[in-house]
Amino acid sequence: MKKFFKFIFDRPILILFIIILLIFVPPMFIMQPQSQIKLIARTLGIDKVGDEFEVTIIYYQPSISQAYTESYNLVSAKGSSLSLALDLAADYTGKQLVLAHMNNIAVSNDVAQENLVEYLNHLVRAYTINNSINVFVTNVNAKDFLEDTLKSHGKTANQESGIVEHNDRYIVGTSSNVENVMLSSYGPNKTALIDMLNVSENEGEDLSGGSQSNAASNSGDGGSGGGSGSGGEENKPKYLANDGSVAIIRDGKKVGDLTRQEVEALNVINGANEWPKIELKNYSDENFNNATIVFNVPNKYVKYEAYFDGDTPTVLVKTNMLLTVYEVLQNSQTQTIFSPKNLYLNETMQKAIADKLKSDFYPVYQKLQDLNADAFDFYSLFHKKCQKEFDNYLQSLENPDEYIKGVKVILQVESKGK
């Protein structure tokens, strides 16, 4: 025994290690898991109901199982402010609200139009949320949207993240997240494009099922439970329709929206996304007769040149594309059309593509100008390339915030076949 104690006292680091074990190890056996005392939110929905805010939270629901499975539950609450509604939702579960692991924020159309940035600003300051959290607008109440998606995807409750990331890459070409909304709203261009995820009664991903979900829906409204809508409405099939539409956020508020066709029309000046397809209708030349031709876009390069044409701020956009003939639809097919020697773009086809892209682009750009939405941050481009002339231009305007209405865009499209 003496040798043992001598061995111990000759090694002070070992003594320190034993003390640490005695202090920290015993409490570990009686501590509750964090999931038992924390309301770990994965998706947050924000609505306005009259003069009150309604928040809906999809949160992690721990369960005892031999195999690791995730399951989620839902709680909602109303309050006179966003912070009070969030506190009440946490009180209903008897847990402390944690937003650090959140993936998505869904807001109703009314909330987006009122002041989206104000609510995001509160979440950033009060809860230190991650700036990469996805933000999207729904065409129904955020509560209804989350109830429907949880019913169909209760074990994952995160399918919206994949949809938003898909849109960012292949459709919109910009990040639909907290950081983008906040930076653009407080930046000089004051404009952001964020995704819209819609619930449809016609087509899309079926939300009427529920076999995947073992999570119940808890609706907190003054402590009472219950779902939303009548029994007849609940029986109607609902679909998650990711139609590629986006909301235009200007000065932190939604001022309009763009359909997928309008978003794709802007792709010609957007070098940040992977352009899915280009469709040329009613095309004829020596090889095609009133055909619909679909082109794939393996590569695209976009360059901006800013200058002043007299007193007019002008952006020359040079778009160079590498195209391949992806699909051909016409009444009669010939071997010549599908010969490898003819799978290239001749001058007639190149001109038809350029004319189509220009005719699609300019009406949508005019819509952005009417909404005073500088979606491509031309402000920073002019401030960088010709600051003196641009400052003089701003000073000449009655309202400098409406500078985009006077910015002219000249589109130059060049394409070649692979």
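## Basis of the model

Because the structure is a predicted model, local features need pLDDT of at least 70 and side-chain atom pairs count only at pLDDT 80 or more, whereas totals for chains, interfaces and linings use all residues. Residues are numbered from 1 along each chain as its sequence is written, and side-chain values use heavy atoms, with hydrogens and water left out.

## The chain as a whole

The protein chain has 13 helices and 15 strands, where helices (H or I, at least four residues) and strands (E, at least two) are DSSP runs numbered from the N terminus. Of its 418 residues, 45% count as buried, a word that stands for under 20% relative accessible area, with exposed meaning over 50% and partly exposed lying in between (1.4 Å probe, protein chains only).

The accessible surface of the protein chain comes to about 21,700 Å², and 50% of this belongs to carbon and sulfur atoms; such areas come from the Shrake-Rupley method with a 1.4 Å probe, and for residues only the protein chains shown count as cover. Among contacts with a separation of 6 or more, 73% are accounted for by residues 24 or more positions apart, a contact being heavy atoms within 4.5 Å.

## Val137 in strand S6

Val137 lies in strand S6 (residues 134-138) and is buried, since its relative accessible area is 0%. Leaving aside residues up to four places away in sequence, Val137 touches several residues, including Val107, Ala112, Ile194, Leu197 and Ala247. The C-alpha atoms of Val137 and Asn198 are separated by 8.2 Å, although the two residues are 61 residues apart along the chain.

His122 belongs to helix H5 (residues 109-127), and it counts as buried because its relative accessibility is 17%. Not counting residues up to four places away in sequence, His122 touches Leu82, Ser83, Leu86 and Tyr127.

Helix H4 (residues 82-93) packs with H5 at an angle of about 55°, their axes being 11 Å apart; axes are lines fitted to C-alpha atoms, for helices over the stretch in contact, and angles run from 0 to 180 degrees between N-to-C directions. H4 and H5 are therefore oblique to each other, given that angles under 35 degrees count as roughly parallel, over 145 as roughly antiparallel, 65 to 115 as roughly perpendicular and the rest as oblique. Leu82, Ser83, Leu86 and Asp87 of H4 make the contact with Tyr119, His122, Leu123 and Tyr127 of H5.

## Helices H12 and H13

The axes of helix H12 (residues 378-385) and H13 come within 5 Å and cross at roughly 125°, which makes H12 oblique to H13. Tyr379, Phe382, His383 and Lys385 in H12 meet Gln387, Phe390, Asp391 and Leu394 in H13.

## Aromatic rings

The structure holds 16 aromatic pairs, in which rings of Phe, Tyr and Trp (its six-membered ring) have centres within 6.5 Å, and planes under 30 degrees apart count as stacked, over 60 as edge-to-face and the rest as tilted. One of these pairs, Phe390 and Tyr393, is stacked, at 6.0 Å centre to centre and 25° between the planes. Phe390 and Tyr393 are separated by about one helical turn because they are three residues apart in helix H13 (residues 387-396), and both Phe390 and Tyr393 are buried. Elsewhere, Tyr304, Phe361, Tyr362, Tyr365, Phe376 and Phe378 form one aromatic cluster.
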